Amino acid sequence: MDEMYTEFDAEPENMILSMDDLDKNILELLSDDGRKSYRKISRELGVSVGTVHNRVDKLTKSGIIDKFVPVIDHEKLGYTLTAIIGLEIKGGTVAFLTDKKEFKDNLLAVYDVTGQFDCIIIAKFKNTFELNKFIKLLLNEENVIKTYTQTVLNIVKEELNTSMINFEGLLFY
């Protein structure tokens with residue numbers, strides 16, 4: 001029984017990494033435009049290009065910046081239906097969702113949560129047929145007990161690929 005919980009028994013080390021005001025300002029500029037050149041950032045912040053390069057390198061190596069990715073407009077690709085799906089799962093693991101090809105294409109986010117459900121999924125679909133197929137595939141998984149699906153009528157704010165954290169509340173050293 002203890003083997004099942006080994007991935008949950010260790011608290012991550014060094015969860016809070018140190019940053020100063022310059023790091024914060026660089027992160028804010030890159031959050032607005034991840035393709036902004038170091039030269040433009042250096043001009044806006046009044047520091048050398050080398051300093052910006054070194055800071056971005058430090059932020060990347062420390063894991064504060066995980067990766068640079070494009071922000072995709074899913075609607076322009078035909079994915080006009082957004083669903084929020086709650087799952088009741090036996091066994092406590094949700095990793096199988098991200099490992100299976102039939103789920104990967106539609107998933108935007110998978111959260112292991114507390115409360116009524118064990119997992120919350122945010123997914124995009126081209127139509128209700130795709131959503132229906134996705135839910136049926138979920139229900140065929142032996143660990144999935146029940147699903148609860150809500151479709152999104154109107155997206156007020158959706159920025160899953162960007163960091164819009166209020167840097168004011170972070171600790172700086």
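Guide: What follows is a set of questions about the terms used for this structure, each answered from its values.

Visitor: What makes up the basis of the values, before we start?
Guide: This is a predicted model, in which local features need pLDDT of at least 70 and side-chain atom pairs count only at pLDDT 80 or more, while totals for chains, interfaces and linings use all residues. Residues are numbered from 1 along each chain as its sequence is written, and side-chain values use heavy atoms, with hydrogens and water left out.

Visitor: How many helices and strands does the protein have, and what makes a stretch count as one?
Guide: Helices are DSSP runs of H or I with at least four residues, and strands are runs of E with at least two, numbered from the N terminus. By that rule the protein has six helices and four strands, and their order from the N terminus is α-α-α-β-α-α-β-β-α-β.

Visitor: Why is β1 described as largely enclosed?
Guide: A residue is buried under 20% relative accessible area, exposed over 50% and partly exposed in between, with a 1.4 Å probe and protein chains only. Seven of the nine residues of β1 are buried, and the strand is therefore largely enclosed by the rest of the structure. Across the protein, buried residues make up 27% of the 173 residues.

Visitor: Why is the pair of F103 and F134 called edge-to-face?
Guide: Rings of Phe, Tyr and Trp (its six-membered ring) pair if their centres lie within 6.5 Å, and planes under 30 degrees apart count as stacked, over 60 as edge-to-face and the rest as tilted. The search of the whole structure finds three aromatic pairs. In the pair of F103 and F134, the ring centres are 5.4 Å apart and the planes stand at 80°, so the pair is edge-to-face. Because F103 lies in helix α5 (residues 101-104) and F134 in helix α6, the pair ties together parts that are 31 residues apart in sequence. F103 counts as buried at 0% relative accessibility, and F134 is buried with a relative accessible area of 2%. F103, F125 and F134 form one aromatic cluster.

Visitor: What makes F117 and Y148 a stacked pair?
Guide: Their ring centres are 5.8 Å apart and their planes stand at 20°, so the pair is stacked. F117 is in the loop between β2 and β3, whereas Y148 is in strand β4, 31 residues apart. F117 is buried, with a relative accessible area of 11%, whereas Y148, at 43%, counts as partly exposed.

Visitor: Is K124 buried or exposed, and how do you know?
Guide: K124 is found in strand β3, and its relative accessibility of 3% makes it count as buried. Contact means heavy atoms within 4.5 Å, and beyond its neighbours within four places in sequence K124 is in contact with residues including H74, Y79, L81, T82 and E158.

Visitor: What makes the link between K124 and T82 a polar contact?
Guide: A polar contact is a pair of N or O atoms within 3.5 Å; within protein, one must be able to donate a hydrogen and the other to accept it, and residues adjacent in sequence count only if both atoms are side-chain atoms. The side chains of K124 and T82 are joined by such a contact of 2.8 Å.
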